[in-house]
Every structure is written in C-alpha cells, then in structure tokens.
Amino acid sequence: MSSLDWFILLGTLAFIVVWGVWKTRGVATAQEYLRGTDLRWPTIGLSIMATQASAITFLSVPGQAYEDGMRFVQFYFGLPIAMVIICVVFVPIYYRLNVMTAYAYLEQRFDTKVRVLAALLVMVGRGLAAGISIYAPAIILSSLLGWSLNAMTLLMGSAVILYTVSGGAKAVSQTQKQQMVVILAGILIAAVVIAYRLPDDVSVATATSLAGALGRVNPVDFSFNLDSRYTFWSGITGGLFLALSYFGTDQSQVQRYLGGRSMAESRLGLLFNGILKIPMQFLILFIGVLVFAFYLFERPPVFFNGPTLEAARQSAQGPALAEVEARWATTFDARRDQAVALAAALADDDAAAEAQARAGLLAAQAELDGVRAEAKALIKQAVPTAELKDSDYIFVSFVLKYLPPGLIGLLLAVILSAAMSSTASELNALGSTTVVDLYQRLWRPGASDRHILRASKLFTVFWGLVAMAFAAFAALVDNLIQAVNILGSIFYGVILGIFLVAFFLKWVRATPAFLAALLAQTGVIVLYFVSDIGFLWFNVIGCALVVGAAALLQAVWPGGSPTPAPLEETT
Amino acid sequence: MAPEDPPPLLGTWPRLYALVLLNLALMVLGFWLFERVFG
C-alpha cells in the first residue's frame with residue numbers, strides 16, 4: 001500500500017473515532033448511554049443501515065455475485081414489508097412502554113423467565129456475530145496484506161470499544177452516520193472505477209450482457225423450490241420473518257430507533273432503510289458482476305487467496321499445480337476469445353453469431369471451471385488446512401491489484417468502517433441487554449443511575465473483549481456472510497415467535513409461551529443438523545413452531561401464569 | 001414532532017407505508033426487466 005492509502009485509511013478511521021468520542025462527551029446518564037435521545041431520522045436511518053452492513057457485506061457479497069450471480073438480492077425482498085409492520089406494530093408499543101430494551105416488554109406481557117430467555121437467545125447469536133464482525137475483515141486483510149491478525153483484531157476492537165464505551169448508543173449512532181457516508185461513497189466510486197477499468201470497446205451494458213450469458217445476472221427467481229437458498233418466495237417470506245425478528249426484536253437494531261426524538265423520527269428512519277437497503281445491496285452485487293466481467297478480459301488467478309496459492313506452489317504439489325496453471329492460462333484465452341466474439345455479435349445485432357458465441361462462451365466457462373476445480377484439489381493436497389471457498393477474497397484482491405493509490409485506502413476504510421459500525425452496535429446492544437435485562441433486573445434492581453452507567457460501560461468492555469477473543473481464535477468458516485445469516489436464522493425465528501405471541505395471542509400466558517420457545521428452539525437446531533432446508537426457512541419454521549406450540553400448550557395448560565396486569569411504562 | 005404527528009411526506013402514515021411497498025414492487029419489476037434484458 002502507498003503512503004496515500006495509509007493516510008486515507010488511518011485518517012478516515014481516526015476521524016470517525018475522535019469525532020464519535022468528542023460529539024458524545026456529555027453523555028452522563030444511563031438513559032442517554034443505553035438508549036440515546038434526540039436523534040433525527042436521517043441519523044437513525046443511516047445508523048440502522050450501518051448496523052446491518054458489516055465488513056462481511058463488502059468482502060462476501062461481490063464474491064457471491066462473481067460465483068453465483070445476483071440472486072442474493074432476493075434475501076432482502078421481505079425487508080421493506082418488515083419495516084412497515086415494525087412501524088405499525090412494534091414501534092408504538094416500545095414508545096408507549098418507554099422500554100430501554102425490547103425484552104423489557106416481554107416481562108410486562110409474560111414474566112421474568114420469558115424476558116431472560118429472549119435476552120439470552122439474542123445474546124448468544126449477537127455475541128458470536130460480534131466476534132465474526134471483527135474476525136471476518138481481520139482474517140482476510142491480514143492474509144492479503146501480511147498484517148498481523150492479532151494486531152488487527154486488537155486495533156479494531158479497541159477503537160470500537162473506545163467510542164462505544166465513551167458515548168454509548170449516541171456515539172454509535174453518530175459515528176455510524178459518518179461511517180455510512182464513507183461506505184456509500186466508497187461503493188459508488190468503486191462501481192465507477194471498475195466500469196472504467198473494462199476494455200475500451202466494452203461498455204457497461206455489454207459487460208453486463210456477457211456476465212448475464214454466464215448466469216450472473218439473475219436477481220429474480222420465481223420458482224418455488226424449498227432447497228434453493230434465494231428465491232423470490234424465500235425472500236418475501238423467510239426474509240420477511242428474518243427482517244421482522246432482526247429489526248423488531250434484536251436490541252442492536254431496536255436501540256438504534258428507540259433513540260429517536262419522537263416516534264415519527266423512528267418510523268421515518270426505518271422506512272428510509274426500507275427504501276434504500278435493496279438498491280444498496282443490488283449495487284454491491286452489481287460490483288461483483290462487473291468484477292466478473294472484468295476478469296473475462298483480464299486473466300484472474302486460479303485461486304483468489306494469494307498466500308495460500310503461493311504456499312501450494314512452493315509445496316510438493318508445485319509442479320502439478322504449475323501444469324494446471326498453464327492450462328488455466330490457455331483455457332482463459334479461449335474463454336476471452338468467446339467473450340470478444342459475443343461482444344462483437346451483440347454490437348452487430350447478429351442473432352446467429354450471438355447464439356453461436358453464447359454456446360461457445362458457456363462451453364469455455366465449463367472448461368475453465370473444471371481446471372479451477374483441479375487446481376483447488378491440488379491446493380487441498382498441498383495445504384490440507386486451506387479453505388477452498390475463496391469467494392471472500394475476490395473483491396478485496398481485485399481492489400488491491402487494480403484500483404489506483406488512494407482508492408485502495410478508501411475501500412479498505414469502507415471495509416473497516418463497516419466492521420466497526422456493526423460491531424459497535426452489537427457491543428452496545430450486548431452491554432445494554434446484559435445490564436438492563438439481567439444485571440439490573442435480577443441482581444441489582446435498586447442500583448443508582450450512576451452505578452448502572454458504570455456497569456453498562458464495564459459490560460460493553462467485557463463483550464468487546466469476548467468478541468476480540470472469539471475473533472482471535474476463530475477458524476475461517478465456509479462463507480462468512482452466510483455463517484452470520486445462518487446463525488441469525490436459527491435463533492431469530494424463535495425470538496420473533498415469542499414477540500408475535502406477545503402481540504397477537506393475548507390469551508397465551510407466560511409458562512406455555514416459555515415452554516413453546518424452548519421446544520421450538522430445540523426443534524430448529526435439530527432441523528438444522530438433520531435436514532437440507534434452506535436456512536431462510538428456519539425463520540418461518542421457528543416462528544410458526546413457537547406460535548403453534550404456545551397456542552396448543554395454553555389450551556392444555558389451564559393453570560398457566562396469572563393474566564398479566566395492563567402494560568405500564570418500564571425500563 | 002409529537003409522537004403521533006403525521007409524516008413530512010404524503011400527509012398520513014398509511015400513504016407513506018403504501019409508497020414503501022409500491023417502491024418494493026417497482027424494484028422487483030425493475031430487476032425482472034433487468035434480467036430479461038441482460039440475463
């Protein structure tokens with residue numbers, strides 16, 4: 001990296017941290033620290049988006065488009081519907097009860113054990129996700145740039161802990177506004193620069209058509225296939241349930257909009273996310289498609305994790321790998337010729353030539369895929385611990401190799417900003433939930449505001465250290481963004497089910513709801529291990545199991561907990 | 001704004017919600033057309 005890149009990277013990150021600490025230096029009460037106050041809707045909207053957009057978004061998603069096309073965008077189709085439902089149902093209840101965390105409501109509606117169970121389920125999911133949020137960029141950037149993994153984890157974790165502990169929820173939201181501006185600017189600039197890097201005679205439209213000929217332009221799939229991870233139907237149902245649960249019941253998101261100046265500001269922030277989230281994801285996927293089109297003309301490495309590839313070259317498998325890499329080069333040339341032929345046919349509007357070139361391009365791609373598979377098999381023999389799925393390395397290795405000085409620093413700042421923004425929300429939420437739903441509720445109910453503020457800061461530091469420890473010792477999982485989403489889907493459906501029972505099944509009491517949640521969570525975990533069901537469906541299944549089991553158990557459980565008193569303001 | 005104030009756009013919350021859902025429908029339609037043209 002050049003000095004300019006270092007200047008832009010460190011300058012951007014330092015500015016955001018210092019600005020966050022300075023801007024929120026007056027935070028002196030637990031209410032301000034845990035919930036934030038007086039936020040306007042643009043800050044809330046950007047904060048909600050920044051919380052969800054982790055570094056994994058920028059490392060994994062373009063690579064996913066490169067390998068598999070754009071169908072991942074369907075994952076977000078349920079999100080705008082969820083935003084509307086949350087505005088109508090969830091937000092008024094949280095505001096009326098003036099809750100500090102979403103789970104405080106469950107105690108009003110059911111009892112302490114349901115509140116604690118929901119808080120614990122979220123803490124398990126979020127605690128692991130916070131670790132992955134730090135680990136994901138650290139493992140990839142340390143591998144490609146030769147930085148120390150532990151130093152990166154320590155640096156990122158410490159910076160996030162610094163401003164989160166300093167200013168709490170307000171600092172998180174204020175810094176996320178800056179981080180989201182950096183992220184959006186970075187995405188737009190990256191898209192323009194990649195388009196500019198295409199060959200002179202290949203327009204963006206032609207590049208998109210070439211990628212489309214190889215199955216990368218597939219943002220909508222209306223087929224009803226339960227095994228397919230991303231379809232319109234899984235997005236509009238499973239994605240809806242996941243988004244409802246994530247934005248409606250996960251404290252890392254609830255905390256963002258509870259800090260609004262009014263209910264109207266909170267609602268506008270949520271709707272802002274409902275309108276902008278899908279275009280943003282589409283653009284990130286489209287960047288992956290453009291990178292794929294770029295590599296139709298510029299030979300990509302046979303394996304994108306450079307250090308692992310180099311290790312394999314130096315091993316006993318080196319000669320065999322060299323032979324495969326030589327075939328990779330000639331097969332790539334054949335595919336490039338077919339891509340040039342298809343581009344020419346498209347320009348000439350020659351249908352016969354186009355059909356012939358499309359068939360040729362598909363055949364060349366299949367051959368290239370075969371050579372890549374051979375290379376991966378050799379790499380596995382050479383480096384048995386190597387992770388063969390290298391899609392998380394595609395975008396960042398492209399950035400490092402082909403973007404001009406300055407932009408590399410900006411794109412790395414984007415990735416690290418995203419990592420810090422989502423981690424900060426998670427730590428802030430974990431600290432709040434631990435203090436409000438466990439510490440204050442179970443052990444120190446009469447503690448002073450000053451004591452709660454201090455405990456909140458200490459628990460935030462504690463969770464930050466847990467996340468950093470997890471990040472330091474975790475092993476690379478198959479695909480980082482999917483790992484986070486799978487983890488979320490296993491827990492979120494059940495949590496949403498608890499909230500839906502609370503909102504809509506007024507006759508269900510605490511013990512049946514509690515047992516239903518335990519049964520449903522066990523059922524989802526068993527299903528995850530024994531079935532091939534796409535993970536998005538676990539959100540629907542978990543939620544339906546809780547609602548169904550709660551209604552059934554209540555019917556056969558006449559001696560459940562007493563009917564709760566009318567809901568009152570709580571914390 | 002008071003808690004139950006109308007939104008700054010379109011006058012009522014249901015209209016704003018309808019706009020968000022209409023935007024979703026238009027995006028899906030746009031993606032489908034995008035796939036038909038380039039896919």
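**Figure 1. Packing of helix α3 against helix α12 in chain A of the predicted model.** Helix α3 (residues 41-52) of chain A packs on α12(A) at an angle of about 50 degrees, and the axes of the two helices are 8 Å apart. The crossing in which α3(A) passes α12(A) is right-handed. On the side of α3(A), the contact is made by Trp41(A), Ile44(A), Gly45(A), Ile48(A) and Met49(A), while the residues that α12(A) brings to this contact include Leu268(A), Leu270(A), Phe272(A) and Leu276(A), together with Glu265(A) and Lys277(A). Sorted by class, the residues of the contact between α3(A) and α12(A) are eight nonpolar, four polar and two charged.

**Figure 2. The crossing of helices α7 and α16 in chain A.** The axes of helix α7 (residues 112-145) of chain A and helix α16 (residues 394-402) of chain A come within 11 Å and cross at roughly 35 degrees, and α7(A) passes α16(A) in a right-handed crossing. From α7(A), the residues Ile140(A), Leu141(A) and Leu144(A) take part, and they meet Val396(A), Ser397(A) and Leu400(A) of α16(A). This contact of α7(A) with α16(A) has five nonpolar residues, one polar residue and no charged residues.

**Figure 3. The side of chain A that touches chain B.** In this view, 24 residues of chain A are in contact with 19 residues of chain B. The elements of chain A that give two or more residues to this side are α5 (79-97), α9 (204-213) and α12 (263-297), and of these α12(A) gives the most, with eight residues. Helix α12(A) is also the helix on which α3(A) packs, with the axes 8 Å apart. By class, the side of chain A that touches chain B comprises 17 nonpolar, six polar and one charged residues.

Figure 4. Of the 571 residues of chain A, 56% count as buried. Among the contacts in chain A with a separation of 6 or more, 87% are accounted for by residues 24 or more positions apart.

Note on methods: Residues numbered from 1 in each chain as written. Chains lettered and ligands numbered in written order. Predicted model: local features only at pLDDT ≥ 70, side-chain atom pairs only at ≥ 80, totals over all residues. Contact = placed C-beta atoms within 7 Å. Helix = DSSP H or I, 4+ residues; strand = E, 2+ residues; numbered from the N terminus. Nonpolar A, V, L, I, M, F, W, Y, C, P; charged D, E, K, R; others polar. Axes fitted to C-alpha atoms, helices over the stretch in contact; angles between N-to-C directions. Left-handed = near helix turned anticlockwise from the far one by under 90°. Buried ≥ 20, exposed ≤ 12 C-beta atoms within 10 Å, placed from the backbone.
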